Amino acid sequence: MRARQNLRDAFSTYKRVSSKEAIDIFDKEDYSALLQNGIAQGITNPSWRPSLPHILVATISSFLFGYHLGVVNEPLESISLDLGFSGNTMAEGLVVSTCLGGALIGSLFSGWITDGVGRRRAFQLSALPMMVGAFVSATTNNLEGMLLGRFLVGTGMGLGPSVASLYVTEVSPSYIRGTYGSFIQIATCLGLMSALFIGIPVKEIVGWWRVCFWVSAIPASILALAMEFCVESPHWLHKKGRHADAEAEFEKVLGGLHVKLAMAELSKSDRGDGTDSVKFSELLYGRHFRVVFIGSTLYAFQQLSGINAVFYFSSTVFKSAGVPSDLANICVGVANLSGSIVAMVLMDKLGRKVLLLGSFSGMVVAMGLQVIAASSIVTGSGSVYLSVGGMLLFVLMFSLGAGPVPGLLLSEILPGRIRAKAMAVCLSVHWVINFFVGLLFLQLLEQLGPQILYSIFATFSLMAVAFVKKSILETKGKSLQEIEIALLPQE
């Protein structure tokens, strides 16, 4: 009863002081004790409904990310014929990977853009080059124009995912943050599936590949317009010293006493960090190095597993196995979406680390099936079934953890002061590796053969299992402040 009265007194006092002074009301030990004793249970579990519309709008950027990853999958052959580079595997690889090169540029500047203009404006800025790039790609008559359009689209893709992960983490209530984080992967899956479905008529209708690019301008326009009605990140507003605005935005997504507790926690997280700008060198060594290293390595393993080679070139791979590409692509999309939905259900129950371990382990098994299918051990229809089954299992296992977890986990473990810029650094690693996988996959498949190449992918997935066991902290149900205290050495 005494603790409950203290809590009421603290909130009463909070109303009479500024948000910046709230840190003096709750010291860290008392705050943690309240949460552990369950006294503030009603306060720490706000309704998920007010924040949901804002999360759904933010995930449009992830839908666009998935759409542009898959938009050239089915139409690539038609594009190469129409634009005069058919049979040139390097040119085909460039059509895929130039988008990723643009994404690297967008990602490099994403932290500074996001911290400079805010999360909402960053979403709108990411939509602009995607609309322009879609127009250029849809109207071009040569390879150079296609590469320019793909590069422009890529810059928006590089900015969008980092902003989405930040926004979802900073707007979501902690108890449902994992579920909301899974929405990013589900939206990416829906984007991929939409690209695959829209690309189905490409072989029957001349010039249909241009329609595939035109369609992407619609969700980009919706994102830019709908963001005008969404909340700004309270974390960003607080960091900028706009405490009253931060309270107002928390009120929209949390409400009532949740605002006071959230502001007190936010003040604690920012104590000692100051509001000065983050130097690039701070992210590469010193007290922040550990979390940046964890995020970069996790993204590196995600890409070195070979997942995007499957998404980019599944039509080519399935065609070589004698499977109709449209049917194969639909199956890939369904497997990806199914795993993402399961991950959404389990994210806040089993936790991030368990899903990562299970996901990467399953990917090792799936690539093992691919290696067996490519060997002389299995022949005929058995080889085809094993190859297709192994690829679908690989996509399913990826979508259970390796796909949705890294973006969410990274935005959770990074301290608020460096979150946007450190996310940019980690995603840059993602895009560099993604670029080279997209550029070199077909050539490596020809030169090394599927057995060696898939064995390499399996090895990286196995290394990821060991890394997750050793380095990843479980963040399920923890506030961003608790995660920061656990990971960041105190000065």
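I worked from a predicted model, in which local features need pLDDT of at least 70, side-chain atom pairs count only at pLDDT 80 or more, and totals for chains, interfaces and linings use all residues. Residues are numbered from 1 along each chain as its sequence is written, and side-chain values use heavy atoms, with hydrogens and water left out.

I searched the whole structure and found nine aromatic pairs, where rings of Phe, Tyr and Trp (its six-membered ring) pair if their centres lie within 6.5 Å, and planes under 30 degrees apart count as stacked, over 60 as edge-to-face and the rest as tilted. Phenylalanine 123 sits in helix H8 (residues 119-139) and tyrosine 167 in helix H9 (residues 143-171), 44 residues apart; helices are DSSP runs (H or I, at least four residues) numbered from the N terminus. I noted phenylalanine 123 and tyrosine 167 as buried, meaning under 20% relative accessible area with a 1.4 Å probe, protein chains only.

I then looked up phenylalanine 301 and phenylalanine 467, a tilted pair at 5.9 Å centre to centre with 50 degrees between the planes. Phenylalanine 301 lies in helix H16 (residues 289-304) and phenylalanine 467 in helix H23 (residues 450-471), so the pair ties together parts 166 residues apart in sequence. Ring pairs link Phe293, Phe301 and Phe467 into a cluster.

Lastly, I recorded that Ser165, Leu166 and Thr169 in H9 meet Gly407, Leu408, Ser411 and Glu412 in H21, contact being heavy atoms within 4.5 Å.

Notes:
Helix = DSSP H or I, 4+ residues; strand = E, 2+ residues; numbered from the N terminus. Buried < 20%, exposed > 50% of the residue type's maximum accessible area, 1.4 Å probe, protein only.
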